[in-house]
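Here is a brief report on one structure.

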Amino acid sequence: VIAIVWLGLLIVMSWLKALVIARPLEQIQESLQAATPGGKVSKYDLEAMAAELQATILQLLRKEQEHENALASSMARAEQLACLGEMAAGLTHEIKNPLAAVMAALETLVQDAKRGEAPQPEILAQMLRELQRAHKTLDRLLTLARPAKPQRVKVDLAKLLREMATLFEPRARRRNITFEVRIPRALPTLEADPDLLSQLFINLVTNAFQATPPNGAIMVSATPFPQNDGVAVMVSDNGCGIPKENLPRVFEPFFTTKEGGTGLGLAIAQQIASQHGGTIRIDSQPGQGTQVLVLLPVQVQRTTEEP
Ligand SMILES: Nc1ncnc2c1ncn2[C@@H]1O[C@H](COP(=O)(O)OP(=O)(O)O)[C@@H](O)[C@H]1O
Ligand SMILES: [Mg+2]
């Protein structure tokens, strides 16, 4: 009895199988035959169809790739827009606010003039300060967007660094920050753009001052590196340091953690270093300090130079 039941089950199963799998296949074959003028589908027709199917799948895959590319570029665009948003915030602080202050001051001056009064010197001085701030931001933005082609001359880097450092001495005194400049009497002469190099180091030292509390210490040191074919300059501070998660982002244009920062200082510094065939790297211990190392070759390798 059991054997008969088993046999019955087997028959039902194979019938089901035929219905579920073979039937659709038959249907396909039937409809193919109906669609073919000769009423018969040969092996070659099937091969041709397989080839067509393959082509269609490839096409679909390509479409998908295109779609992905479009997605990627729209993401890049979204990133650009986000960047623009951040930039707008920076611009508001650095340009719109100074302009508003200047307009308000001018209104006061106009009122004064109507009453026949002389302009008040402190208002004029404030206007000048605000305009200088706006001018500086625009300058930096333009520098980054359209980097100046370096005007290379022979540069005495030791002299350039000492002169740059004197700009910060009043600030160091005011905030009681120990500001040390340790530069050997002679450093290799670089073939470089002195204005751009000053800008680079001013940006780094400015950051150091902004990160360092009163009574802190900042040091600029330099040494020939690796031999006399290059120079290493280090700007170090014992200020607030950079949180680990921010470190990969500090060179991004517009990345800033400062109220009213533009986030352009390091982006410009890096641009200038690479224009001179050099590199910048940053090490930082959060809460303890930051070291920014700039390596510059004496001569820019012609291959790394922009056309
Ligand atoms: N010496 C430093 N110490 C601590 N943080 C720094 C230092 N230099 C740069 N940073 C960080 O990197 C960010 C980007 O610097 P930067 O590009 O010069 O823009 P900004 O100074 O306008 O913020 C700063 O906002 C700060 O968070
Ligand atoms: Mg800065």
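## Terms and model

Two strands count as paired if DSSP finds at least two bridges between them. Strands here are DSSP runs of at least two residues, numbered from the N terminus. The model is predicted.

## Strands 6 and 7

Strand 6 covers residues 279-285 and pairs with strand 7 in the antiparallel sense, over seven bridges. The two strands form a hairpin with three residues between them. Gly-287 lies in that turn and has a positive phi of about 85°. One bridge links Thr-279 to its partner Leu-295 in strand 7.

Strands 4 and 5 form a hairpin, with five residues between them. Strand 4 (residues 217-224) then pairs with strand 2 (residues 178-182). That pairing is parallel and runs over five bridges.

## The ligand site

Where does ligand 1 sit? Ligand 1 sits in the largest pocket. Helix 5 (194-211) and helix 6 (265-275) are the elements that give two or more residues to the shell around ligand 1. Helix 5 gives the most, with four residues.

The ligand is surrounded by 20 residues. The closest are Thr-256, Thr-257, Lys-258, Gly-263 and Leu-266. By class, the shell holds eight nonpolar, ten polar and two charged residues.

## Polar contacts and cover

Which side chain has an N or O atom 2.5 Å from an oxygen atom of ligand 1? The side chain is that of Thr-256. For Lys-258, a side-chain N or O atom is 2.7 Å from an oxygen atom of the ligand. The backbone takes part too: a polar backbone atom of Gly-265 is 3.3 Å from an oxygen atom of ligand 1.

On its own, ligand 1 has 540 Å² of accessible area, and the protein covers 94% of this.

Conventions
Residues numbered from 1 in each chain as written. Chains lettered and ligands numbered in written order. Predicted model: local features only at pLDDT ≥ 70, side-chain atom pairs only at ≥ 80, totals over all residues. Heavy atoms only, no water. Near = heavy atom within 4 Å. Polar contact = N/O pair within 3.5 Å; in protein donor to acceptor, adjacent residues only side chain to side chain. Areas by Shrake-Rupley, 256 points an atom, 1.4 Å probe, with all protein chains shown as cover. 1 Å grid on protein atoms, 1.4 Å probe; cavity = no way out; pocket = protein on both sides within 12 Å on 5 of 7 lines; lining within 4 Å. Sits in = over half its atoms within 2 Å of the grid points. Nonpolar A, V, L, I, M, F, W, Y, C, P; charged D, E, K, R; others polar.
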